[in-house]
Amino acid sequence: MATGETGFKDVAYDLVSVQYHSLKAGHDYGQYVRDAKNAGETEIADFFQDVMREDSERAARCHDFLTELAEKGDIGPAASSSNS
């Protein structure tokens, strides 16, 4: 598995990043749902709830993949190629 500038395996880093952004967005969407409900826009509130659910499912799927990688021992810092 290739490594990027982080020193961690790219796939693990990518999954953590997607998971973080999905959870962060889900938190923000809660406010959007409240705003739409306060404006009497139930169809829009329902849309935001759907988006929030989709991001929650996405974050859970990332978690599952990260668990699989961890069980295979294929997560964490990448092995250093230098002989320091």
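A residue is called buried under 20% relative accessible area, exposed over 50%, and partly exposed in between, with a 1.4 Å probe and protein chains only. The legends below concern a predicted model, in which local features need pLDDT of at least 70, side-chain atom pairs count only at pLDDT 80 or more, and totals for chains, interfaces and linings use all residues. Residues are numbered from 1 along each chain as its sequence is written, and side-chain values use heavy atoms, with hydrogens and water left out.

**Figure 1. Helix 1 and the residues that it buries.** Helices are DSSP runs of H or I with at least four residues, numbered from the N terminus. Helix 1 comprises 29 residues and reaches 42 Å from its first C-alpha to its last, close to the expected 42 Å; the expected span is 1.5 Å times one less than the number of residues. Its buried residues are Ala-12, Leu-15, Gln-19, Ser-22, Ala-25, Gly-26, Tyr-29, Gly-30, Val-33 and Ala-36. Helix 2 is included in what covers them. Gly-40, which follows helix 1, has a positive phi near 75 degrees.

**Figure 2. Helix 2 and the residues that it buries.** Helix 2 has 30 residues and reaches 43 Å between its first and last C-alpha, close to the 44 Å expected. Ala-45, Val-51, Asp-55, Ala-59, Cys-62, Leu-66 and Leu-69 are its buried residues, and they pack against helix 1. Just after helix 2, Gly-73 adopts a positive phi of about 70 degrees.

**Figure 3. The largest nonpolar core.** A nonpolar core is a set of buried Ala, Val, Leu, Ile, Met, Phe, Trp, Tyr and Cys residues joined through side-chain atoms within 4.5 Å. The largest one has 5 residues, namely Ala-12, Leu-15, Cys-62, Leu-66 and Leu-69. Contact here means heavy atoms within 4.5 Å. Apart from neighbours within four places in sequence, Leu-15 is in contact with Cys-62, Phe-65, Leu-66 and Leu-69.

**Figure 4. The surroundings of Gln-19.** Gln-19 lies in helix 1 and is buried, with a relative accessible area of 17%. When residues up to four places away in sequence are not counted, Gln-19 touches Ala-59, Cys-62, His-63 and Leu-66.

**Figure 5. A cluster of aromatic rings.** Rings of Phe, Tyr and Trp (its six-membered ring) pair if their centres lie within 6.5 Å; planes under 30 degrees apart count as stacked, over 60 as edge-to-face and the rest as tilted. The whole structure contains 3 aromatic pairs. In one of them, the ring centres of Tyr-29 and Tyr-32 are 5.6 Å apart and the planes stand at 55 degrees, so this pair is tilted. Tyr-29 and Tyr-32 are 3 residues apart in helix 1 and are therefore separated by about one helical turn. Tyr-29 is buried, with a relative accessible area of 19%, whereas Tyr-32 is partly exposed at 37%. Phe-47 and Phe-48 also form a tilted pair, at 5.6 Å centre to centre and 50 degrees between the planes. Phe-47 counts as partly exposed at 49% relative accessibility, and Phe-48 counts as partly exposed at 21%. Ring pairs join Tyr-29, Tyr-32, Phe-47 and Phe-48 into a cluster.

Key
Helix = DSSP H or I, 4+ residues; strand = E, 2+ residues; numbered from the N terminus.
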